[in-house]
Amino acid sequence: MIYRFRITYEDHEDVFRDIEIKSSQSFMELHTAIQQAIAFDNSKQATFHMSDDYWRREEEIISINTSGEEKKRRDKKEEPPSKKIISDHVNHPHQKFIYVFDPEKEWTFTVELLKIIPDEKKEYPLCVKSAGTSPKQYKATNLPPPPVEDDDDAILNLKDEKEIIVEPGEEKISDDDEVEGLLPLDDKEVDTGEEKEEGAEEEEEEGESSEGFEEEDVE
């Protein structure tokens, strides 16, 4: 007999995989088939649990990929995963299991028996239907925010942006230097040579008149 199970993400009900597997195969083989179907790396611990009709977790069936699992099993004289046969835990046509992967993240899947079909002499287990995109097993790590510039750094950057580009052969003029002769002067402040000459002539005439006056007084 072939069991067709629907494996659904507990938190993503629209994402599921239908897997067919022989009733005589083990939970270990079902675990491997699920990992391949959802594209996880199969490096964490996984467990199968019995479930009631309301998806309430009941007793544990098997634990897989546990650290030191083989030694613990030998000490407790437990069966290896390959000996945990699926048919031994299927009690009715719509049997339910709960599959938990990676105890830290607790990826939880519901496993429901959809139908029992004849063996078609294929290689089992086999994923026969896939719906939805599997969530990523590992979320991207948040990158640290860029460093915040101090006020002094911001001022320096502003000065750099305002720096005048000087062509070769030209003298750079800073903002603090006083520049003479670049601003237009008011017409009243312009000192021309003509005004100086007129003033000089007036002084000469005044000098001549004063000298003549003094001579007349002496006589």
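Buried means under 20% relative accessible area, exposed means over 50%, and partly exposed covers what lies in between (1.4 Å probe, protein chains only). With that in hand, here are my notes on the model.

1. **What we are looking at.** This is a predicted model, in which local features need pLDDT of at least 70 and side-chain atom pairs count only at pLDDT 80 or more, while totals for chains, interfaces and linings use all residues. Residues are numbered from 1 along each chain as its sequence is written, and side-chain values use heavy atoms, with hydrogens and water left out.

2. **The loop aspartate.** I would start with aspartate 52, which lies in the loop between β3 and β4; helices (H or I, at least four residues) and strands (E, at least two) are DSSP runs, numbered from the N terminus. At 16% relative accessibility, aspartate 52 counts as buried. Its side chain meets that of arginine 56 in a salt bridge at 2.6 Å, N to O, where a salt bridge is a side-chain nitrogen of Lys or Arg within 4 Å of a carboxyl oxygen of Asp or Glu.

3. **What else that side chain does.** The side chain of aspartate 52 also places a polar atom 2.9 Å from the backbone nitrogen of tyrosine 54, and it reaches the backbone nitrogen of tryptophan 55 at 3.1 Å. Both are polar contacts (pairs of N or O atoms within 3.5 Å; within protein, one must be able to donate a hydrogen and the other to accept it, and residues adjacent in sequence count only if both atoms are side-chain atoms). Not counting residues up to four places away in sequence, aspartate 52 touches Glu58 and Lys96; contact here means heavy atoms within 4.5 Å.

4. **The core.** The largest nonpolar core has 29 residues, and those with the most contacts inside it are Phe5, Phe48 and Phe109. Such a core is a set of buried Ala, Val, Leu, Ile, Met, Phe, Trp, Tyr and Cys residues joined through side-chain atoms within 4.5 Å. At least two core residues come from each of β1 (2-9), β2 (12-22), α1 (27-38), β3 (46-51), β4 (57-64), β5 (96-101) and β6 (107-117). In soluble globular proteins, nonpolar side chains tend to be buried together.

5. **Around phenylalanine 109.** Which residues does phenylalanine 109 contact, leaving aside its neighbours within four places in sequence? The list for phenylalanine 109 is Ile7, Thr8, Tyr9, Glu10, Ile38, Phe40, Phe97, Ile98, Tyr99 and Phe101.

6. **Strand β1 and its partners.** Because 6 of the 8 residues of β1 are buried, this strand is largely enclosed by the rest of the structure. β1 pairs with β2 in the antiparallel sense over 8 bridges, and with β6 in the antiparallel sense over 8 bridges; two strands pair if DSSP finds at least two bridges between them. A hairpin through 2 residues joins β1 to β2.

7. The structure holds 5 salt bridges. One of them brings together the side chains of glutamate 20 and arginine 4, at 2.4 Å, N to O. This pair links distant parts of the chain, with glutamate 20 in strand β2 and arginine 4 in strand β1, 16 residues apart. Glutamate 20 is buried, with a relative accessible area of 3%, whereas arginine 4 counts as partly exposed at 22%.

8. **Isoleucine 21.** Also in strand β2 is isoleucine 21, which counts as buried at 0% relative accessibility. Isoleucine 21 and arginine 4 are 17 residues apart in sequence and 6.6 Å apart in space, C-alpha to C-alpha. Beyond neighbours within four places in sequence, isoleucine 21 is in contact with several residues, among them Met1, Phe5, Leu30, Ile86 and Pro125.

9. Arginine 57 lies in strand β4 and counts as partly exposed at 42% relative accessibility. Arginine 57 touches His49, Met50, Ile98, Val100, Glu106 and Thr108, not counting residues up to four places away in sequence. Elsewhere, lysine 122 forms a salt bridge with glutamate 120, the closest N and O atoms being 3.2 Å apart. Lysine 122 is partly exposed at 41%, and glutamate 120 is partly exposed at 47%.
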